[in-house]
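Thank you all for making the time this morning.

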Amino acid sequence: MNVADGGALARTAILDGLREDPREPLAAWCDQHRILNQTYAAEPGRWRTDRTPYLKEILDDFSPSSRVETVVLMKGAQLGFTEALTNMIGYIIHRAPGPAMMVQPTQGLAKRYSKQRLATMIQDMPVLTGLVADPRARDSGNTTLAKNFDGGVLFIAGANSAADLRSAPVRFLLLDEVDAYPYDVDDEGDPIELALNRTKTFARRKILIGSTPTTKDVSRIEREFKKGDQRRYYLPCPHCDEMQPLQWKQIQWQSDDNGHKPDTVIYACPHCGGVITENHKPAMMAAGEWRAEAAENDKDGRRRSYHISSLYSPWETWPDLVEKWLEAQRDQNLLKTFINTALGECWDEAANRIEPHELENRAEPYRLREVPMGGLVLTAGVDVQDNRLEVVVWAWGRDLEAWVIDWHVLHGEPASRELWTELEQYLKKPIQHESGEALSIAAVAVDSGGHYTQTVYEFCRRRKHIIAIKGQSIRNKAIYGRPSFVDVTTKGKTLRGSARVFPVGSDTAKGYIYGCFGIETGPGSLHYSRDLSSEFYEQLTSEKLVTRYHKGHPRHEWIKPHRKRNEVLDCTVYALAAAHHLGINRYREIDWNNLEESVCPRNKSLFESAGAIDNSKEDGLIPPPAKRTRSRARGGFVSQW
């Protein structure tokens, strides 16, 4: 390159930098250029903003010509937000080249987004052809997580990698599903703050933060939403023309003796009482507008925040949402999901907390150590204290419906063999089923995290269906995890016959159990015997989920009030882990049918062939006949245990 060529190149670069940002609004660009691929789009073909009119203002906020700097969207599902993000990237590449970053919750999701959404958009849109370097070309700089294009570069990062977030400065920053980001990434702090630091050198930066919310007071998107002007999409009533945001409490439907009728759903106008149906929604949406409910938070017009639920979605009908709502009434975990993903609102743990007397009032007239007809599998949890062992036995049925079968305390010194012998004898005792048959406890989980860890290992080592567990208070940890071996040589080699300890996500398990408290009947419900004392319920509900701050960031923690006992709750967590050890959370219909046939056999010979009770077993604990193969010789089922 000669001097003249170098000077021309410099002049071109300077002029490009001084070029005015495009005035074309992003929504108009989408209508003209964006093509949706049939492999992932519900409605493939040309993008139409009029299908999702609530997205128009949000898209235009991200246009470089808009003075809005930060856009926050707290949302439900099925609203087209992922495609809106992809539109923004296409617009940057085509109309406003510059350094940009998209952040997904994990590197795995970042790669999936790049391959499935981004690469497909670039391939399908003629205006982007040739602007992004061909990944097959030598030195193209185009990889899965970095896309070079004329005048800029796009980084696609995972919020779980500090290295990804420490990349070069960026003008455009897109943060997706921020409530799924870790609180602290690689001990370097909040990933949102790390990403925002990349934009500080740009005076005309653009930041978009979007997510479905999670739990009240912990949700990042709720926090960011409250910082902004809190806009909601107001629609005119077709009868009185009063503007209003859609609210779930105005959804109504009919029911009769045969049950609910979701297909009769209507929306009742809170102003005139007029009946609004699904057919009215398109015209109402087209006439809708965003209104700020906290305009004082955005005095300079640079930070806008939006909230919208799935009630507005063109792909999620009101009858569909009613069906999901009715299904969620049977499982509080489903209810939480509905509140988060359909209504786009935070789940309030405090508002949904249940008191001990409420559970006690539900007690049923079955006796302890008698299994009601729905119970098919018995598991037990054992908590080790300094002067006793406590045991709670639960029976599990279809859809993880469960019954308390016994609560027993064995007093003594846990270091002594006599106490463990007494525990073994207790666990071996058959328990009467309402069908007249006798059941044995199929699996037992014993806490190894106290002062008697090695004693627990020795007790569990030779007993196949008694497992040593260790609770872990880690966010989103699985209830039951992969075991580790505890007996190794000096060189670290596992000894044959080593004891194993299974990790248990105690926070996750407690969240599941507390979620079940709100279900009175059916799948996921918990049942209690009238023989249980008030102390049982006090201990079962003893812990509270509170918000604490760690390095300046809120997070939920389970705490036990001073001097309250919680052994029943711990034992229930361990019994749930034992149930997962058996795999009953994955049982199929045929597995439950086999269990019912064993516990309530149509004829005695089939029951005996199933081997439900076999006192000759070494530890006396007989697992359920969940894994079976067809027996050609007898035409029935034989256990693989």
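This is a predicted model: local features need pLDDT of at least 70, side-chain atom pairs count only at pLDDT 80 or more; totals for chains, interfaces and linings use all residues.

Residues are numbered from 1 along each chain as its sequence is written, and side-chain values use heavy atoms, with hydrogens and water left out.

Let me begin with the salt bridges, of which a search of the whole structure finds 34, the term meaning a side-chain nitrogen of Lys or Arg within 4 Å of a carboxyl oxygen of Asp or Glu. Which partner does D61 have? D61 forms a salt bridge with R304, and the closest N and O atoms are 2.8 Å apart. Because D61 lies in helix α3 (residues 54-61) and R304 in strand β15 (residues 303-308), this pair ties together parts that are 243 residues apart in sequence. D61 is buried at 4% relative accessibility, where buried means under 20% relative accessible area, exposed means over 50%, and partly exposed is in between, with a 1.4 Å probe and protein chains only. D61 and R304 also belong to a network of salt bridges that links them with E57, D229 and R231.

A second bridge joins the side chains of R205 and E69, at 3.2 Å from N to O. R205 sits in the loop between α7 (191-196) and β8 (206-211), and E69 in the loop between α3 and β3 (70-75), so this pair ties together parts that are 136 residues apart in sequence. E69 is buried as well, its relative accessible area being 15%.

Now to the aspartate I mentioned, D406, which is found in strand β19 (residues 402-411). Is D406 buried or exposed? With a relative accessible area of 7%, D406 is buried. Its side chain makes a polar contact with the side chain of R369 at 3.2 Å, and another with the side chain of Y426 at 2.6 Å; a polar contact is a pair of N or O atoms within 3.5 Å, where within protein one must be able to donate a hydrogen and the other to accept it, and residues adjacent in sequence count only if both atoms are side-chain atoms.

On the surface, E355, E358, E535 and E538 gather in a patch of negative charge, such patches being made of residues with over 30% relative accessible area and no salt bridge, with like charges joined within 9 Å. Of these, E535 is found in helix α16 (residues 534-540) and is partly exposed at 34%.

Finally, two pairs: the C-alpha atoms of Q107 and A157 are 6.3 Å apart, although the residues are 50 apart along the chain, and Q107 is in helix α5 (residues 107-124). Q385, in strand β17 (residues 377-385), has its C-alpha atom 9.6 Å from that of D447, 62 residues away along the chain.

Key. Patches are made of residues with over 30% relative accessible area and no salt bridge: like charges are joined within 9 Å, nonpolar side chains (Val, Leu, Ile, Met, Phe, Trp, Tyr) within 5 Å. Accessible areas come from the Shrake-Rupley method with a 1.4 Å probe; for residues, only the protein chains shown count as cover. Lys and Arg count as positive and Asp and Glu as negative; His and the chain ends are not counted. The place of a charge is taken as NZ of Lys, CZ of Arg, CG of Asp or CD of Glu. Helices (H or I, at least four residues) and strands (E, at least two) are DSSP runs, numbered from the N terminus.
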